[in-house]
Amino acid sequence: MFGRIARRYDLANHLLSGGADFLWRRRAAKIVEGWRPRRVLDLATGSGDLALAIQRRLPDATIIAADFSPEMLKVARSKGVRETVLADAMHLPFESGSFDCVTVAFGLRNMSDWNLALGETARVLSKDGHLLVLDFSLPVGTLRPTYRFYLHRCLPFLASLVTGQKSAYDYLGGSIEKFPSGEEMMRLIEESGFVNAAVQPLTGGIAAIYTAQTLRTL
Ligand SMILES: C[S@@+](CC[C@H](N)C(=O)[O-])C[C@H]1O[C@@H](n2cnc3c(N)ncnc32)[C@H](O)[C@@H]1O
């Protein structure tokens, strides 16, 4: 599915989010910069926008961008992502403790086993490593019904005009409905081997950034 939409993926993202996705990735990259990591893995990198934003802020760090879609990785490389690896996030081809930061933007939700993917992420992180997950969530309160209407009725139609692939965007709404958010997401992260999970809602709760750490050994 991602291979089919790779070519128009960026355009669809920017149009359908009204440009908010730029701000969300900028916020995520700024948080990562504050951790001063030397080796970063951007999982489910897609067309590489988060990897590029981190690359710009941390020019001396090694940023590895991984995805299981060769079409997406081709787009990422054409935009300037330096190191890409074709890999399934649930079976990563990296040794334990290889990275001091792992990021995943709009990717975890699409994986078939969230616990397994987060457990693999914890494995490849060093002790005291950092996790950042950026993904959609459902806003609470009065915005929720309006947002749901947009998500299920308007977005698939608009996306089909941009990408020619309505089914991929029918899937998007359902995947957001099923994906845990807020406290539930923090619990999932901590159950998978992390501590200090925290959440920052974005744009009225349409998206959120979750951060957590692996345990420091004394
Ligand atoms: C919605 S895109 C997100 C891309 C990018 N991170 C962004 O912020 O725009 C989801 C990406 O996750 C990738 N993906 C989904 N499941 C994966 C898995 N198990 N392993 C690696 N990549 C995966 C897809 O190929 C796709 O490129």
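Helices here are DSSP runs of H or I with at least four residues, strands are runs of E with at least two, and both are numbered from the N terminus. Keep in mind that this is a predicted model: local features need pLDDT of at least 70, side-chain atom pairs count only at pLDDT 80 or more, and totals for chains, interfaces and linings use all residues. Residues are numbered from 1 along each chain as its sequence is written.

Stay on α7 and show L151, L155 and A159, its buried residues (20 or more other C-beta atoms, placed from the backbone, within 10 Å of their own). Step just past the helix to G164, which has a positive phi of about 75°.

Next, colour the sheet. Seven strands form an open, mixed sheet in the order β3-β2-β1-β4-β5-β7-β6, where pairing takes at least two DSSP bridges between two strands. At the edges, β3 (83–86) and β6 (195–202) each pair on one side only.

Zoom in on β2 (residues 62–67), which runs parallel to β3 over four bridges.

Helix α5 (residues 70–78) lies across β2 and β3, while α9 (residues 183–191) lies across β6 and β7 (207–213).

How values were computed. Buried ≥ 20, exposed ≤ 12 C-beta atoms within 10 Å, placed from the backbone. Contact = placed C-beta atoms within 7 Å. Axes fitted to C-alpha atoms, helices over the stretch in contact; angles between N-to-C directions.
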